[in-house]
Every structure is written in structure tokens, then in C-alpha cells.
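User: I'm new to this kind of picture and would like to learn how to read it. Could you walk me through a few features?

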Amino acid sequence: MSTPQTIYFTDYRPSDYTITDCQLEFIIENSSTRVDNVMQIKRQDPQAKVLRLNGEMQDLELLWVNDTLYDESMYTLTEDSLTIALDMEAASIRIITRIYPDENTALEGLYRSGGIWCTQNEPEGFRRITYFLDRPDVMTRFTTKIIASKEVCPVILSNGNLAGTATLENGKHVAIWEDPIPKPAYLFALVAGDLGSIHDVFVTMSGKKVDLAIYCDKGNEAKCHHAMRSLKKSMTWDEEVYGREYDLDVYNIVAVDSFNMGAMENKGLNIFNSHYVLADEQTATDMDFMGIESVIAHEYFHNWTGNRITCRNWFELTLKEGLTVFRDQCFSADMNSALIQRLDDVRSLRERQYVEDAGPTAHPIKPDHYIEINNFYTATVYEKGAEVIRMLHTLLGEEGFRRATDRYFENFDGQAVGTEEFLWAMQQESGIDLTQFKRWYSQERTPTLAINSRYDAPTQRLTLKITQHIPKNTHNQEQLPYAMPFGLGLLDFKGREFALESNNAMILREGVVWIDGAVNELVFENITEVPKLSLNRNFSAPVRIECDEIDYSFLMAHDTDGFVRYEAAQQFAIATLQSMMLGDEPTEAYLCAYGKILEDETIEPMYKSQLLELPTISMMMQFQEIIDVSSIHQSLEALKQTIARRFATTIEKHVHALYEPQNSSIDAVSMGKRALKNRLLSLWMSLGDEVCALLCKRYYDESISMTDRLVMLDLLENYAPELAKPAFENFYESHNDNTLVMNKYFTLLASCRRDGTLERVSALQEDPAFDEKIPNLVRSLIGSFARNLVAFHAISGDGYDFMADKIIEVDGFNPQIASGLAGAFKSYAKLSSSQKEKMGNALKRIVNHPNLSNNVNEIVSKIINS
């Protein structure tokens, strides 16, 4: 293993040279691919005399500079670069290399999987295809010629518009693709294979016709229609909300099973993990359908926020990802329920990003250093980045934010820029100086707002004191207070809101104030009684709240802000579980508040299912100084049982009333009914009730909804394994030839909280349907076990040893997936001494393994050093 090299933001310099145009020719053969690369080089730094091109894992065959054939004495070749003396303003360089897609198990660059050749070049995969300036601030016009067997590869695709095709001798054919819009190499894409497809047309707001196509394995064409509908809705939404029109004549999507990421926004040729394209009502869950709509939109929105304007360097990744996540969240909110979408956003942030922010791999949304950039495609860069954009949206308002983004597009179209350029556009529309707000980009960890109030009855005045507690960063350095919008409501005893009137608080609009001090004392007038506090409405800022004055029962019953009502239910449950872990019983106040929600027929089913949700083990771990998974799990089960016994009649009545076995529709009402029914069944099933177990088995047999069938399998596997066995056998027999459905099968079994899960997971690795070279299957079986906190943190430490073995094994062929698995160990610092010793031994075994990748080394070293 070479010594890992840290790359710092402060060391960034513009490229000495750029590549204005590139003509690529690929000759695809079974054993290898020949790449002929002709580049037009232009010097940017007059003092530059040496051109260093990135490149690795390829054979250099021939090199010309301005028609002069170079021999080995005229260049320097290393394992990761090609260096040429070049003291001239412009040059034409031609390089012929040979690459070996079948051997590319890392799935970066051009690789072959399942008979399909495809690429993944973000962030630094293009250097595995040819020698190039593989950095995002070098934007190039690409023309791509692909030659392949017409029988083996009847479909050959690349970026841009199709310029021509021809049939060649020896059974080959050729296609030429021209992309008129400059782009960095990470957005280059190529796909070749024998694929099925569906086609449609979209007419833009200016009347231009765009040909749409989705390609997939033959036989899966019928599962692409939801993705196509989602694409067309995305194109319409981006025109209506942001005024952004699509700019090419074609838009292609390709679905592949072997893909490290969720999807990739390559210009005009998106390549997707098949999980985010293929769906029908027999094989996909409600969440699958929602996820596809969201990810299709996300990659399309990148056309403007990521492609036409890209990031200057990889430290600026949140420029494109945080903004685009925010855009796809808003799109999903407009297409479905805004409240449910917001709750989903917040839940995801807290389950993933808050944990990351509190752990050894915490980093700002704009990191200042990295060893392996693949490790920074994180919840912080994406989801917290989106929350920072949302705060700007809240500050500017809908119209102001639209004006600011218009300014951003108009000024920086066709450029590689940074967050400073984006914030400049925001500042032009803001009446508030954003200098302090920029700390959200450079500081890490989650701030806490400590809040208390003082009411003066004679003056009808409420003083609200908000103190920012800013944690130190991972280097134990102090950090500074933030500026943020803060959603606030003051409610009377009936839940009616007082108007916010203040002489000293900066009120952005009704219900939103601006906070920027380490200590903020806001005084509100004409408050006629002691108000109930409704804090951080709509989750206006990504902070934690500490306040002893919150009346959870009241807010659960009366608050008109859907997020705060949900938050009250969550915080009341968290407090109840914390008391139960100390030996107390659930309070009557909590059970009554929960029962009122359960019995309230006016609450929409999907929202009710969210209000009745209990905190997860992962959420409860965030509040423990020393993690005790077993205690959390036992208390959660005990609380479920208490609720189920207390409200048995109501639960059973609702379950029967909500059950619709022949309904697999994905309209909001149908999905809401399923979600609520399944939430209630999970409570009922916790009692080990035989009647409920038989009901679950019957529901599995009768339902045509994949959502219902999976929930029933999960409940049976955890609470009635004797009934689960024949159900799982039936499921396997029905779907073992469908990789997407088998992902669900492996996930369920690896997530089981019963004893013996590790042994079952180990055995499943030998199942014919499992292939460790397919990332989705690894994530489903091995990744799901790592997220199964009960099994992973078993007192024996066997879960740690198993994961260490798998990380070392997977790192040998796919470091990116291996480093993702290594994140399971991030709780190391908070374990008990005995568990820490066992996990520490597993971590040391990983980090001391010879030839460990930089990807895994960076993650594991940070965890050990924490």
C-alpha cells in the first residue's frame, strides 16, 4: 500500500493547460477496447512548459504531438500519469491506448458487466479510459466514435446528439455522437450492449422536440414506464419553477445492475443503477416508486445544476449536489405531499447525517482536505448541503430565490465555479449580509439551540432566549456561531397562533425570525397568556433543540405545523424510552397522547402512520454517551407491547378496515392506508399474538402489493419464524431470477433481529442468487447486516469480525463499496470498553491488511484515531 496523500483545498490551482476539443474512437472487442484519443490542447499559464495527463490501468501504444510520433525517451510514464514537455500555446496530441473492461471490477472508468459495456467517471474514472486532464475545471467538447460488433452490441450510445451511423464489414457497425456543449471528463459516458428500450418525446417550452429513451436488459422494458413518466414530469417542472429548458435533441437513460452509485448525470446519457429505474406493481414497493421519481428528477436537474455549471474542484461538490438535492426534494414535494416529503427529508438527515456529524468522519459540506474523494459523497455534502440551500430559500422567499438562481445561471453558464459564485448570486437578492451564513459551508458538527422563555403578564411580553451551543470540530478547535432562519410559533391554550410582533427581532416573514448571535434575546409583544412554544417549524434549520418548556402532548394534539407535531411525538417517545431504559414504565401522559393520535379519524393515513412511528435504535443511540443497543432494543419492544395491549381493540379494528389485498395502486390514499396498516401490524405483532401471526401469513398470501408482502415477511421473520419459512420459500421460488427483488429478499433476512442472523447471512453468501461482484447485492446482504444494529453489535463481537473480513475481501476488487461498508464502525468511540476492545481488534486487522485501498484506509484510520 502506498502512503496515502492528503489533498488540500488551499493547494488548488487552475490547470496550466486546458483541452478545448477531444475526438475519441473506441473499438470494442471481447478481450479489450482500443481507445484513440485526439485532443486540442491550449496553454492557460504562459509559464507552463510541462503537460501532465492523468491516466492509470491502461497500456500506452502510440503517442503523437503535432503529428510527430514520440518514442519512450520523449515522455515520462508512471502508474498514474503521462508527462510531456510542451512549451507552446497550442498543440494537437493523439494517444492510442488499450484498456481491459472485463478486468475492471472497481466499476470506475469503462467496465463490462452482464454483457454490457458502460462507464462511471465521476469523480476520477475517466483517467482509466485514456490519458487526460481529468479534473472538473477542464471543460471540453467531445465527439465520440464507437465501433463494435452489431450482434453483440446493437446499441452503442454516448453523450450529445447522434451525428451518424454506418454498417461496417466483418459484422461491425459504428455510431458517432457529438456533444456541442463543453463538459468535464467526469461527465463523459459510453454504453454498448444488447439492450431493450422504450421511447417517448418531450416538447420543450420553446417548441423543440426532444427524443427520450430508456434502455434496459431485454425483458424489462415494461418496468421502465414509471421512470419515463417521472422524466417528463421533471422536465416540465424545471421549466415551470426554474425556467430551465433542456438543451440537446436526445435524452437517454440506461439501467444497469452493476453500478457503485445510485445514478450518474452524464450529459445526455444518464446511467442508472437499475434499482432507480425498473418498477412495476408486482415487483416494486411504494418507496421504490417514490425513489425512482426522485432520483430520475435529481439526475435530470443536474443538467443545469452540475453539468452546464459544474464545480471548479471536488472540494466544491456540494455546489452541485446540495443544490440539486434541494431541487429534487422540492419537486417530490410538489408531485406528492409536501409535508410527508419534508418529514422524509428530515428523517433521512437525522438518521444518516446527524450520525456522521457526531462521529470521527465529520466534515463540513465543503471539506478542506481529503485523501480519497469517493469518500465524500456523503450525507453531509448532499443532505446537509440541501438544508443549507433551503435556508437560503427561506431567507430570500420563493420569488427572491428564483431571481437569484436566474442570476446564477445567466452569469456562470458554461463555467466551472465554486460556492462563492453561487453565494454571490444569492447575496444580490438578500437584504442580509451572508458573510456569517457562509460558516455553514466551512464548519462541521450539528449546532444545538438552547431555548427558554420568560413571560411578563402585566406587559403581555414574552422574552425568548436562544443560545447557540457550537461543538468543537474534529480537530478539537472552537467554532463560531451561525446565522440562520428559525421557524417559530407562539400558541394560545387552544392552539391558535399569536402574531409575531417585536421591536428587536428580525422577522423575515410571519413565523420566521433571523438568528445570528451566540445569545439571542427576542422580545414579542401583545402575547395575552403564557404561550406554548412551537420551535424550528418546518425544520427551518439543521439544528438540535434543547428546551425544557415544550408541551409534547399539547403540540401532538394542536400544532398546525406538521413537522412540529411529528417532532413532538418523536421527542415524547424518546423521553419515554430513556425513562424505560432506567427501569420506569411508560407514563400515562405519553400513552394518552399516543392514543389520541391513533383514534383521531381526521388525520390523513400517511401522516398518521408517521405520527405513530417510534424512534429507531439508530436515533436512540444518538442520545447515549455509551451505546447500549440491547437496552434500546428491549425498551422499544416493551413500548410496542404496552401500546399494543393498551389499544388492542382499536388497532385490530383499523388493521382490518385498512386492508385492501387487491390494491397495489401508488396514489397517495392507497399508499397511506398501507403505511398505517403496516405500522399498526408491527405493534400488534410485537405481542407474539398467534392470531396476528396467522393474519400476517394470510396477508402475505393474498396481497398483490409488494409493499405489503415484504412487511409481512419482515414481521413473520422477526416474530413467527415457523410461519416465515414457507413464506420465504414461496417468495424465493417466485423471484429468484429477478435481481432487484432478490435484493429485497437478502435485505429482509440480513435485517432480522432474532438470534442466528449472522449465521444465516454467512450461509446466504453461497446462494446462487448472490453475487458479490454486484454492488446492489453486496449492499443488500452485507450492508443490511451492518445496519442491523442488534446483530452487528452482538456481545460476542462476531459481527465486527464478520464485517472486517468482508471489507478486506470486497476492498480487493471494489474499494468504493468496501469503504461504504467500513462506515458501520463509526460508533467505535461510544462503545463500552469491552465492545470497544472487540471492535478495535477488527479495525486494526483491517488497517494493517497489506494493499489496503486509500478509500478504506481513510475511513478506518479516522475511526481508530477518534
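**Reading strands and helices**

Analyst: Gladly! Keep in mind that this is a predicted model. Let's begin with a strand pair: strand 10 (residues 109–113) and strand 11 (residues 116–120) run antiparallel and are joined by 5 bridges. At one of these positions, glycine 109 stands opposite glutamine 120.

User: How many residues lie between strand 10 and strand 11 in their hairpin?

Analyst: There are 2 residues between them, and glycine 114 in the turn has a positive phi of about 60 degrees.

User: What is the strand order in the open sheet of 4 strands?

Analyst: A general idea to start with: side chains in a regular strand alternate between the two faces of the sheet. Here the order is 28-29-27-31, with antiparallel pairing. Strand 28 (506–509) and strand 31 (532–535) are the edges, each pairing on one side only. On average, neighbouring strands are turned by 40 degrees against each other, direction ignored. Helix 5 (residues 379–412) packs on this sheet, touching strand 27, strand 28 and strand 29 (512–515). Strand 27 also pairs with strand 31 over 4 bridges, where leucine 490 has leucine 533 as its bridge partner.

User: Is helix 17 mostly covered or uncovered?

Analyst: In an α-helix, residues three or four places apart point the same way, because there are 3.6 residues a turn. Helix 17 (residues 706–719) is mostly covered, with 11 of its 14 residues buried. Among them are Met706, Leu710 and Leu713. The cover includes helix 2 (286–301) and helix 15 (668–685).

Note on methods. Residues are numbered from 1 along each chain as its sequence is written. This is a predicted model: local features need pLDDT of at least 70, side-chain atom pairs count only at pLDDT 80 or more; totals for chains, interfaces and linings use all residues. Side-chain values use heavy atoms; hydrogens and water are left out. Two strands pair if DSSP finds at least two bridges between them. Buried means under 20% relative accessible area, exposed over 50%, partly exposed in between (1.4 Å probe, protein chains only). Contact means heavy atoms within 4.5 Å. Axes are lines fitted to C-alpha atoms, for helices over the stretch in contact, and angles run from 0 to 180 degrees between N-to-C directions.
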